[in-house]
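Thanks, everyone. I'll take a few minutes on packing and strand pairing. Please have the structure open.

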Amino acid sequence: MRTATGIGMLWLLLALPLGVIADGNGLAELFGRIRLTGAAEFRYEETRILELAAAPVKSTGYLLSSPDGSLVKLQLSPRRIIMAISGGQMLYYDEEQKQRHTASLSFAGSAQQQISLFRALLQGRNEELQAVYDFTMERRGKHWKLALNVKPGQTGEDVPAMEIEGDDRNGKRQILIRQADGESSRYTMEKTGEGQSLEFSIQRLLLEAAGE
Amino acid sequence: MPFIWRKRLFLLLLPLLLGLTAWKIHPETDLNAFFTATDSEDSALLAGLLQSGELSRRYLLMVEPNAASPTAALPKNPAAATATLSLFTAELVRQLAGLDAVERVWPAHGPPREWMSTVQQYAPYHARIYSLSPQDEGKVLFDPGQLVQRAKGLQLALFSPQGGFLKPIAKQDPLLLSLNGFKSMRQVLDIQSRQDSNVTALVLQSRPAALDAEAQASLQNSIRTRFDALNQAAGGVFRLRMTGIPIFTVAAQAEIKRDVTLVSIVSSVGVALVFLLLFRSFAALHWMLLIQMASFAVGALACSLAFSHIHTLTLALGASLIGICTDYPMHVLVHCAKHRQTPVSAAQLLWPSLLMGGLTTIIGYVAMGMTGFPGLGQIAVFAAASIAAALGLTRWVLPALLGDRNLHPAHLPGIGAWVSFCERRRPLLLGVFAISVIAALATLPHIRWMDDLQKLAMDMGEMRREDDAIRSHFTSIEPGRFVIVQAPDMEAALQRSEAVELRLQKLKSSGDLADYHGLFPWLVSKQLQTENATTYAAALNPEFRDAWRVALANAGLSVEKLGSLLPASADPLRPEAVLATPVRQIVSGQIMQQKSGVALSIWLGKHEPAKLAESLTGLEGVRYFSQKDQLDSMAQQHRDRSLNMLAVGIGIMSLFIWLQQRSIVNVLFTLLPSLSAVLFIFATWSVLREEVSFLHVIGLLLSVSLCVDYGIFFMDNRGHDTDITYHAIASSTLTTLASFGALGLAKTPTLPILAISVSLGVTVGFLLCPLLIRSGLEKRSNR
């Protein structure tokens, strides 16, 4: 009996690393696919389900990602707003309401934390996400889906669960962010440009957001 | 008791006494405790505000590019430079937050996160706290015509990045009334930095008290070590600047420590050298040093029994007492050596004079202790006990210690010549003296009194400039000027404070006041809460509720979740409950419990003092408080009290001398040298345009108490030999100069003032003795 238990444990020990490695390889391959190494631009449509809104709130605009890690969200509809992360700073500029905020990400609240996680997911920075999330991956042909569930023990409400899915045939992606209180944001994105030429636009938008 | 047993008993008890003293004394390093008088309520209030709460425990830190770094520089791209700075600061904050002595650290451009969440806790009380003037402001807040705009504003706020913060508030308080009082939150919530992408300003709140110099020094060292390690890794591109009350505390403590050590060593060595020069006997020196040690220990022990702590400055000034305590053995030794008497007969012979001299010195110190400074009170106790011990030991133990030892005192050059000169030229010298007295009296009305206590503070010019430079990056409240509200209880104080804030709001809108930090809406009086609730209830009619629901629907917000406007909470927001939350940290330093009730302070931004004071007229229990004015007024009070104590001290000394001498003339002669010395010193300061403070007066009071001894000894002339008596006085003068002169080496400005006053007083008094005290001269014998 004791021998049988010992053999069972041995199989378990042998099997465990194999499963992790196999899963790790798939994840690494997926993050390699998601990862943005150069400047990229996506047109997005966002649908937010908010507890205090009467109906889903829709907005559209562009997401611009820079190789240095900067991310600019340029909302054009229903009104123009720039929200950006650059270096350790988060920038917010609402032209119509004449509101401009700058905050360090390290000291920021839940909104800034969520935007940081969103950036990590969009840009495929798995090392930032691994500390917070457990990953579950699905793949059906060219379609793939990665679910990020908050690890047990993470300080709860501020960290949202996320999903990213895409199709290698059309380059479209969807990101779903679900808050613990039931609120959610769904982004549908399509790559509309990439390359060095976008750097100028990104810098210009960052300067505008910072008010410089 | 036989001498041998006295000696053995002394040698046995001395180590016990020293051990007991070391065990009992707890040196205090709190400067305010030493210098700030707390016998008036205003002084206590000022001291309390200076020392209270979290504000005094805060450091302001600035991380900025190191322009002096020759090897490394920040990226030239401004965005990249800002990012580097931001990441560096974030790591620094993370590391500093992990230090045991750090309560919290946060970037100065915004309040700590938990403070923001305290605002959410006010939502259930929204109907009770939304306005300082609900009847007036309610007209706008509850105008149905404004609701469309307000619902739109709510929608924008909820859809913005601040939505997460606002949602729990909006669910309980859809009109966001609870935030109305916090409208100017960025101004209300503590200090903030001006946005400057090249510099990061941080606020660090320490756990140890601001005046706990040792803990604060250790913390400052840790902060610098962490910064240096990080900066080294970053290529040395940044530099750290710090200011705050604890920075000054540590610097002051270091100076005081240096002063105490220096004064103690120089004073002790000086007295020992004078003694050796006079008697050339190491054996006598070591007995005398043991007597001094015992006297010092008795003084320190008495002090520690009378007070919970003994200040390090008391020990420093106490060290100067060594010189005075030496006077009594010195007189015995001089007579013993010159007359070839045994120590016991010399001590018996001189005892009445010694006793009277010691008594007058104690009177001087006690008078000094009654000038109002807590620290001087300690020194008075210290001195009284030390002098009493020195007298007793001189009378009963010194003869036992010395046995039949022969002493050969040096003949001090010039002593005999000065006495003879005074005798020969007496009429001429008295004439000169009389003219000098008249001239000196004429100058007295022109004395310049020092009315600014800051001039007595330690010179920290460089640190002050650094403090100004760092604070210029913070939108700060004016230090040292505020409105003080006093009332018998918290409710009355809050009502008065709210009345003040209404006036200040008007002043602010007219541009005469840049900003202020009040207590509303963190703490709201019950009366105002009821007023708010009544106005709210009256405004929330069916028409208003319907208009709100329509406005919500138009803004695309949930009528179901936000459409119900709840009635005011039944229970008021109680100050005790609020102060049990982190709000206590926000209003720290603004609430003081006093003997007569509660005092609240309202901090002020830039303002015109006269206009501000005028705006407060008619408000009960309210006044404009200027720390500088208060300190100036304290300086005047101290000066007046010092002068009074000088007069009282002289009066009591005269009484005791009269009780011994039973002759008014003798009393006058005894006092004349010291009083003349005081007059001439005042006149000299007047001519030199020296600013005279209460410390100068206290110094002169001490010099009188010491100098009167000379008069007593000279007058009594118990050895019937003026030359010997004057030699003994000269020896005392030299040891006093050696010990008090050592105070002149201190950097703490108060100590050199005492050094100059006492040294001048005793020197002039000593020189005047043979001129002014004729009765002693009559007894002079030719050697």
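By nonpolar core I mean a set of buried Ala, Val, Leu, Ile, Met, Phe, Trp, Tyr and Cys residues joined through C-beta atoms within 7 Å. Keep in mind that this is a predicted model.

Start with the largest core. It holds 150 residues. Which members touch the most others? They are B:Met368, B:Leu398 and B:Leu701. Helix H17 of chain B, residues 374–402, gives the most to this core, with 18 residues.

Now zoom in on B:Leu398. Leave aside residues up to four places away in sequence, and B:Leu398 touches B:Trp287, B:Ile291, B:Pro329, B:Val332, B:Pro343, B:Ala347 and B:Leu393. As a general point, nonpolar side chains tend to be buried together in soluble globular proteins.

Next, strand E13 of chain B, residues 597–604. It is mostly covered, with 6 of its 8 residues buried. Which way does E10(B) run against E13(B)? Antiparallel, over 6 bridges, with E10 spanning residues 481–487. In that pairing, look for B:Val483 opposite B:Ile602. Strand E11(B), residues 516–517, is also antiparallel to E13(B), joined by 2 bridges. There, B:His517 stands opposite B:Trp603.

Then E12(B), residues 591–594. It pairs with E13(B) in the antiparallel sense over 4 bridges. The two form a hairpin with 2 residues between them.

Why does B:Gln594 count as partly exposed? Because it has 14 C-beta neighbours inside 10 Å, and partly exposed lies between the limits of 12 or fewer for exposed and 20 or more for buried. B:Gln594 is 107 residues from B:Ala487 in sequence, yet their C-alpha atoms are 9.5 Å apart.

Last stop, an open sheet of 4 strands in chain B. The order is E3-E5-E2-E6, with antiparallel pairing. The edges are E3, 102–107, and E6, 238–243, each pairing on one side only. From one strand to the next, the twist averages 20°. E2(B), residues 58–65, and E6(B) share 6 bridges, and B:Val63 stands opposite B:Leu240. Helix H20 of chain B, residues 461–471, packs on this sheet, touching E2 and E6. Its direction makes about 110° with that of E6(B).

That's my tour. Over to you.

Notes
Residues are numbered from 1 along each chain as its sequence is written. Chains are lettered from A and ligands numbered from 1 in the order in which they are written. This is a predicted model: local features need pLDDT of at least 70, side-chain atom pairs count only at pLDDT 80 or more; totals for chains, interfaces and linings use all residues. Two residues are in contact if their C-beta atoms, placed from the backbone, lie within 7 Å. Two strands pair if DSSP finds at least two bridges between them. Axes are lines fitted to C-alpha atoms, for helices over the stretch in contact, and angles run from 0 to 180 degrees between N-to-C directions.
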